[in-house]
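Here is a short briefing on one protein model. Keep the sequence and the 3D view open as you read.

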Amino acid sequence: MQDIVRICWTAISLEMPRVWRNCSRCGATTPFICSEKFRVNAHGKRLDAWLIYRCAGCDQTWNHPILERVPVTEVDPSELRALSENCGRLVERYASDMARLQRYSDRIEEPDTVVLEARLLGRRDGEPKTLVVSIAVPRPCRVRLDRLLASGLGLSRGAVQRLRDAAVLIVSPPGRAALRQPVRDGQTVTVDLRSVESATSLLSAALRGTS
(Lines give C-alpha, C1' and ligand atoms only; values in the text may rest on other atoms or scores of the structure.)
Protein backbone atom coordinates (compact mmCIF):
# COMPACT_ATOMS: atom_id res chain seq x y z
CA MET A 1 0.00 0.00 0.00
CA GLN A 2 1.25 3.47 -0.86
CA ASP A 3 2.39 5.83 1.88
CA ILE A 4 0.18 8.89 1.48
CA VAL A 5 0.42 12.46 2.74
CA ARG A 6 -2.94 14.27 2.77
CA ILE A 7 -3.16 18.04 3.01
CA CYS A 8 -5.98 20.57 2.81
CA TRP A 9 -5.20 23.94 1.26
CA THR A 10 -7.63 26.76 1.92
CA ALA A 11 -7.31 29.53 -0.67
CA ILE A 12 -8.47 32.73 1.03
CA SER A 13 -9.17 35.76 -1.16
CA LEU A 14 -7.75 39.02 0.13
CA GLU A 15 -10.67 41.00 -1.30
CA MET A 16 -14.40 40.65 -1.91
CA PRO A 17 -15.70 40.42 -5.51
CA ARG A 18 -16.10 43.86 -7.10
CA VAL A 19 -19.35 44.81 -8.81
CA TRP A 20 -19.14 46.90 -12.00
CA ARG A 21 -22.04 49.35 -12.35
CA ASN A 22 -22.78 52.70 -13.91
CA CYS A 23 -21.71 55.50 -11.57
CA SER A 24 -23.80 58.63 -12.07
CA ARG A 25 -21.11 60.80 -10.48
CA CYS A 26 -18.23 59.42 -12.60
CA GLY A 27 -20.39 59.18 -15.71
CA ALA A 28 -18.96 55.74 -16.52
CA THR A 29 -19.11 52.08 -15.58
CA THR A 30 -16.82 51.64 -12.61
CA PRO A 31 -16.03 48.96 -10.01
CA PHE A 32 -17.92 49.21 -6.73
CA ILE A 33 -16.15 47.82 -3.66
CA CYS A 34 -17.89 46.24 -0.69
CA SER A 35 -17.71 48.50 2.38
CA GLU A 36 -18.35 45.51 4.67
CA LYS A 37 -21.19 47.45 6.29
CA PHE A 38 -24.96 46.93 6.24
CA ARG A 39 -27.72 49.51 6.39
CA VAL A 40 -31.02 48.52 8.01
CA ASN A 41 -34.23 50.57 7.86
CA ALA A 42 -37.56 49.84 9.55
CA HIS A 43 -40.88 50.83 7.97
CA GLY A 44 -43.47 50.05 10.58
CA LYS A 45 -43.47 46.26 10.86
CA ARG A 46 -41.34 45.74 7.74
CA LEU A 47 -37.59 45.86 7.21
CA ASP A 48 -35.24 46.84 4.42
CA ALA A 49 -31.55 45.96 4.53
CA TRP A 50 -28.69 46.63 2.14
CA LEU A 51 -24.98 45.80 1.88
CA ILE A 52 -23.24 49.08 1.04
CA TYR A 53 -20.77 49.31 -1.87
CA ARG A 54 -18.67 52.34 -2.84
CA CYS A 55 -17.40 53.43 -6.25
CA ALA A 56 -13.64 52.96 -6.53
CA GLY A 57 -13.37 56.29 -8.34
CA CYS A 58 -15.49 58.73 -6.37
CA ASP A 59 -16.89 56.96 -3.29
CA GLN A 60 -20.46 57.13 -4.59
CA THR A 61 -22.56 54.45 -2.85
CA TRP A 62 -24.67 51.62 -4.19
CA ASN A 63 -26.93 49.71 -1.83
CA HIS A 64 -27.06 46.01 -2.65
CA PRO A 65 -30.54 44.81 -1.58
CA ILE A 66 -30.60 42.10 1.07
CA LEU A 67 -34.12 42.49 2.51
CA GLU A 68 -36.95 44.38 0.82
CA ARG A 69 -40.02 45.23 2.89
CA VAL A 70 -39.84 41.92 4.73
CA PRO A 71 -42.12 41.54 7.78
CA VAL A 72 -40.10 41.72 11.00
CA THR A 73 -41.66 38.46 12.15
CA GLU A 74 -40.12 36.66 9.13
CA VAL A 75 -36.55 37.71 9.88
CA ASP A 76 -34.48 35.41 12.05
CA PRO A 77 -33.51 37.40 15.18
CA SER A 78 -29.90 36.19 14.93
CA GLU A 79 -29.62 37.42 11.32
CA LEU A 80 -31.16 40.78 12.24
CA ARG A 81 -28.59 41.12 15.01
CA ALA A 82 -25.81 40.17 12.59
CA LEU A 83 -27.01 42.80 10.12
CA SER A 84 -27.08 45.46 12.84
CA GLU A 85 -23.58 44.51 14.02
CA ASN A 86 -22.03 44.27 10.51
CA CYS A 87 -21.11 40.64 11.19
CA GLY A 88 -18.10 39.72 9.05
CA ARG A 89 -19.38 36.24 8.25
CA LEU A 90 -22.70 37.62 7.03
CA VAL A 91 -20.91 40.28 4.96
CA GLU A 92 -18.79 37.56 3.36
CA ARG A 93 -21.84 35.41 2.67
CA TYR A 94 -23.69 38.12 0.76
CA ALA A 95 -20.60 39.68 -0.85
CA SER A 96 -19.58 36.26 -2.21
CA ASP A 97 -23.04 35.25 -3.46
CA MET A 98 -22.35 35.44 -7.19
CA ALA A 99 -25.90 34.49 -8.23
CA ARG A 100 -27.35 37.32 -6.16
CA LEU A 101 -24.78 39.87 -7.35
CA GLN A 102 -25.40 38.95 -11.00
CA ARG A 103 -28.99 40.14 -10.65
CA TYR A 104 -27.63 43.68 -10.45
CA SER A 105 -24.60 43.58 -12.74
CA ASP A 106 -23.41 41.59 -15.73
CA ARG A 107 -19.78 42.04 -14.68
CA ILE A 108 -18.54 40.74 -11.33
CA GLU A 109 -14.78 40.93 -10.87
CA GLU A 110 -13.47 38.13 -8.68
CA PRO A 111 -10.22 38.69 -6.72
CA ASP A 112 -6.99 37.38 -8.24
CA THR A 113 -4.91 37.28 -5.04
CA VAL A 114 -5.18 34.63 -2.36
CA VAL A 115 -3.35 33.46 0.74
CA LEU A 116 -2.89 29.72 1.21
CA GLU A 117 -3.54 28.15 4.58
CA ALA A 118 -2.38 24.52 4.82
CA ARG A 119 -3.58 21.82 7.19
CA LEU A 120 -2.14 18.32 7.48
CA LEU A 121 -4.98 15.78 7.34
CA GLY A 122 -2.99 12.59 7.63
CA ARG A 123 0.38 11.00 7.03
CA ARG A 124 1.52 7.40 7.07
CA ASP A 125 4.88 6.32 8.45
CA GLY A 126 7.65 5.65 6.00
CA GLU A 127 8.81 7.31 2.80
CA PRO A 128 5.90 9.28 1.28
CA LYS A 129 4.95 8.03 -2.18
CA THR A 130 1.80 10.03 -2.88
CA LEU A 131 0.69 13.55 -2.06
CA VAL A 132 -3.05 14.32 -2.04
CA VAL A 133 -4.07 17.98 -1.78
CA SER A 134 -7.72 18.87 -1.17
CA ILE A 135 -8.52 22.49 -2.06
CA ALA A 136 -11.10 24.63 -0.27
CA VAL A 137 -12.16 27.97 -1.73
CA PRO A 138 -14.58 29.64 0.73
CA ARG A 139 -14.80 32.89 -1.28
CA PRO A 140 -14.92 33.25 -5.10
CA CYS A 141 -11.60 34.06 -6.77
CA ARG A 142 -10.12 33.96 -10.27
CA VAL A 143 -6.67 32.60 -9.44
CA ARG A 144 -5.77 29.94 -12.00
CA LEU A 145 -5.20 26.45 -10.67
CA ASP A 146 -1.73 26.21 -12.24
CA ARG A 147 -0.70 29.44 -10.53
CA LEU A 148 -1.98 28.20 -7.17
CA LEU A 149 -0.19 24.86 -7.56
CA ALA A 150 3.04 26.52 -8.65
CA SER A 151 2.98 28.70 -5.55
CA GLY A 152 1.97 25.93 -3.16
CA LEU A 153 4.36 23.29 -4.53
CA GLY A 154 7.36 25.56 -5.11
CA LEU A 155 7.39 24.94 -8.86
CA SER A 156 7.08 26.97 -12.04
CA ARG A 157 3.78 26.85 -13.93
CA GLY A 158 5.64 25.13 -16.77
CA ALA A 159 6.81 22.42 -14.37
CA VAL A 160 3.25 21.94 -13.12
CA GLN A 161 2.05 21.53 -16.72
CA ARG A 162 4.78 19.00 -17.47
CA LEU A 163 3.84 16.92 -14.44
CA ARG A 164 0.22 17.03 -15.58
CA ASP A 165 1.16 16.01 -19.13
CA ALA A 166 3.12 13.04 -17.76
CA ALA A 167 0.15 12.01 -15.54
CA VAL A 168 2.35 12.49 -12.48
CA LEU A 169 -0.02 15.20 -11.28
CA ILE A 170 -3.74 14.44 -11.59
CA VAL A 171 -6.55 16.94 -11.07
CA SER A 172 -10.00 15.84 -9.95
CA PRO A 173 -12.61 16.53 -11.23
CA PRO A 174 -10.73 16.01 -14.52
CA GLY A 175 -10.69 18.44 -17.44
CA ARG A 176 -8.23 19.24 -20.20
CA ALA A 177 -8.27 22.94 -19.37
CA ALA A 178 -8.46 22.56 -15.57
CA LEU A 179 -5.01 24.06 -14.95
CA ARG A 180 -5.88 27.20 -16.91
CA GLN A 181 -9.19 27.77 -15.15
CA PRO A 182 -9.86 29.46 -11.81
CA VAL A 183 -9.39 27.20 -8.81
CA ARG A 184 -12.66 25.83 -7.50
CA ASP A 185 -13.82 24.60 -4.11
CA GLY A 186 -13.62 20.83 -3.76
CA GLN A 187 -10.86 20.17 -6.30
CA THR A 188 -8.29 17.51 -5.45
CA VAL A 189 -4.75 17.22 -6.78
CA THR A 190 -2.78 13.97 -6.51
CA VAL A 191 0.98 13.86 -7.10
CA ASP A 192 3.01 10.65 -7.55
CA LEU A 193 6.11 11.63 -5.58
CA ARG A 194 8.05 8.64 -6.90
CA SER A 195 8.09 10.26 -10.35
CA VAL A 196 9.20 13.72 -9.22
CA GLU A 197 12.92 14.54 -9.20
CA SER A 198 12.56 17.21 -6.51
CA ALA A 199 10.00 15.27 -4.45
CA THR A 200 11.53 16.28 -1.10
CA SER A 201 11.47 19.98 -1.96
CA LEU A 202 7.96 19.72 -3.41
CA LEU A 203 6.62 17.98 -0.32
CA SER A 204 8.37 20.46 1.94
CA ALA A 205 6.77 23.36 0.06
CA ALA A 206 3.33 21.74 0.17
CA LEU A 207 3.62 21.19 3.92
CA ARG A 208 4.91 24.68 4.68
CA GLY A 209 2.86 26.26 7.43
CA THR A 210 0.67 23.21 8.04
CA SER A 211 -1.01 22.84 11.38
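**Aromatic rings and backbone details**

Y53 counts as buried, at 0% relative accessibility. The model is predicted. Its mean pLDDT is 92, and 96% of the residues score at least 70.

**Aromatic pairs**
- The protein has 3 aromatic pairs.
- F38 and Y94 pair edge-to-face, with 6.3 Å centre to centre and 85 degrees between the planes.
- F38 is in strand 3 (residues 28–43) and Y94 is in helix 2 (residues 88–95), so this pair ties together parts 56 residues apart in sequence.
- Both F38 and Y94 are buried.
- W62 is buried because its relative accessible area is 9%, and the cut-off for buried is under 20%.
- Y53, W62 and Y104 make up one aromatic cluster.

**Charges over rings**
- The charged end of R93 sits over the ring of Y94, 4.8 Å from the ring centre.
- R107 lies over the face of W20, 3.7 Å from the ring centre.

**Backbone details**
- The peptide bond from S172 to P173 is cis, with omega near 0 degrees.
- P173 is in the loop between strand 9 (169–172) and strand 10 (188–192).
- D59 is not a glycine, yet its phi is positive, near 75 degrees.
- D59 lies in the loop between strand 4 (46–55) and strand 5 (61–71), and is partly exposed at 45% relative accessible area.
- A167, also not a glycine, has a positive phi of about 65 degrees.
- A167 is in the loop between helix 5 (157–165) and strand 9.

**Confidence by element**
- Strand 4 has the highest mean pLDDT among the elements, 97.
- Strand 7 (residues 114–123) has the lowest, 87.

Definitions and conventions:
Residues numbered from 1 in each chain as written. Predicted model: local features only at pLDDT ≥ 70, side-chain atom pairs only at ≥ 80, totals over all residues. Heavy atoms only, no water. Helix = DSSP H or I, 4+ residues; strand = E, 2+ residues; numbered from the N terminus. Buried < 20%, exposed > 50% of the residue type's maximum accessible area, 1.4 Å probe, protein only. pLDDT = per-residue confidence, 0-100. Phe/Tyr/Trp six-rings, centres within 6.5 Å; stacked < 30°, edge-to-face > 60°. Lys NZ or Arg CZ within 6 Å of the ring centre and 35° of its normal.
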